[in-house]
Amino acid sequence: MARQCEEITGTTDVQTGSYSKGGGGLNPSNIEKYHTMNNKSLLRSDALYQYILETSVYPREPEVLKELREVTAKVPWNFMAIPPDEAQFLSLLLKLMNAKNTIEIGVYTGHSLLSTALALPDDGKIIAMDTDRETYDIGRPVIEKAGVAHKIDFREGPALPLLDEMLQNVGMHGSFDFAFVDADKGNYLNYHERLMNLVKIGGVIAYDNTLWKGTVAAPPEDDMDEWFRNVTVFTVEVNKVLAADPRVEIAQIPVADGITLCRRLS
């Protein structure tokens, strides 16, 4: 069995841009040297990444998704949004799975949420969780314009208690096809234990940023600020636990900043 996780206090919160443990705050100038919304790719060649975008991504990008991407690019902390190639990948995955009921932890402006909503059938549903409704409201007009707002049940607040509330409803156990997690990395393993009960056998949980700009493979002496190093440590631990969890089969894919897919087996 996978290791049961203690709930972490003082964790990194990528959705709110803070790190409270040990006084190591998140400095925008530091984080942006690792991440920008325009290029979160691990590809060494910017020209190759641009080729992928211009050849395969932008020509197929829905106009409303492009609009929300451009709106998000003007918002502080826009590096938290998934890039367009990852949105395309997740959209295709959801369609291949014939997914209908999903969970999203970490919403920001709703860019990935809109991508999911567009991929689901008209009667599909997403339970979306974030501590910051104000930022979600920036993207909501575009979501409404796209005609998919009826698919979204936005729940404001920390995800752990919201998930625990869902788990009290036995009817929700094993009722979700897919979950996407892009939130505080220090709680990924806590999310995992809860989602393993909510996602059905054969369903998929996707964890974002699991290669963390390549720093998971960086030598210990690499120069990083305290916040970034702490997230790297959390991410390395998440990767170890997921790789050893016999309840799932996994694939770690170097799309964007790394995404790990976990298909529930038991």
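Which helix is S115 found in? S115 sits in helix 5, which covers residues 111-119. Keep in mind that this is a predicted model.

- Leaving aside residues up to four places away in sequence, S115 touches L65, A87 and S91.

**T232 in helix 9**
- T232 belongs to helix 9, residues 226-244.
- Once residues up to four places away in sequence are set aside, T232 touches W212, T215, V216 and M224.
- G214 is 18 residues from T232 along the chain, and the C-alpha atoms of the two are separated by 9.2 Å.

**Helix 2 against helix 4**
- Two packed helices are described by the angle between their axes and the distance between the axes.
- For helix 2 (residues 46-57) and helix 4 (residues 84-97), the axes come within 10 Å and cross at roughly 45 degrees.
- As for handedness, helix 2 passes helix 4 in a left-handed crossing.
- On the helix 2 side, Y49, L53, S56 and V57 make the contact, while helix 4 brings P84, D85 and Q88.
- Sorted by class, the contact of helix 2 with helix 4 has four nonpolar residues, two polar ones and one charged one.

**Aromatic rings**
- The count of aromatic pairs comes to six.
- A pair of aromatic rings is described by the distance of the centres and the angle of the planes.
- Take Y136 and F154: their ring centres are 4.3 Å apart and their planes are at 10 degrees, so the pair is stacked, which needs planes under 30 degrees apart.
- This pair links distant parts of the chain, with Y136 in helix 6 (residues 133-145) and F154 in strand 5 (residues 152-156), 18 residues apart.
- Both partners, Y136 and F154, are buried.
- Elsewhere, ring pairs join W212, W227 and F228 into a cluster. W212 has already come up above, as one of the residues that T232 touches.

How values were computed:
Residues numbered from 1 in each chain as written. Predicted model: local features only at pLDDT ≥ 70, side-chain atom pairs only at ≥ 80, totals over all residues. Heavy atoms only, no water. Helix = DSSP H or I, 4+ residues; strand = E, 2+ residues; numbered from the N terminus. Contact = heavy atoms within 4.5 Å. Axes fitted to C-alpha atoms, helices over the stretch in contact; angles between N-to-C directions. Left-handed = near helix turned anticlockwise from the far one by under 90°. Nonpolar A, V, L, I, M, F, W, Y, C, P; charged D, E, K, R; others polar. Phe/Tyr/Trp six-rings, centres within 6.5 Å; stacked < 30°, edge-to-face > 60°. Buried < 20%, exposed > 50% of the residue type's maximum accessible area, 1.4 Å probe, protein only.
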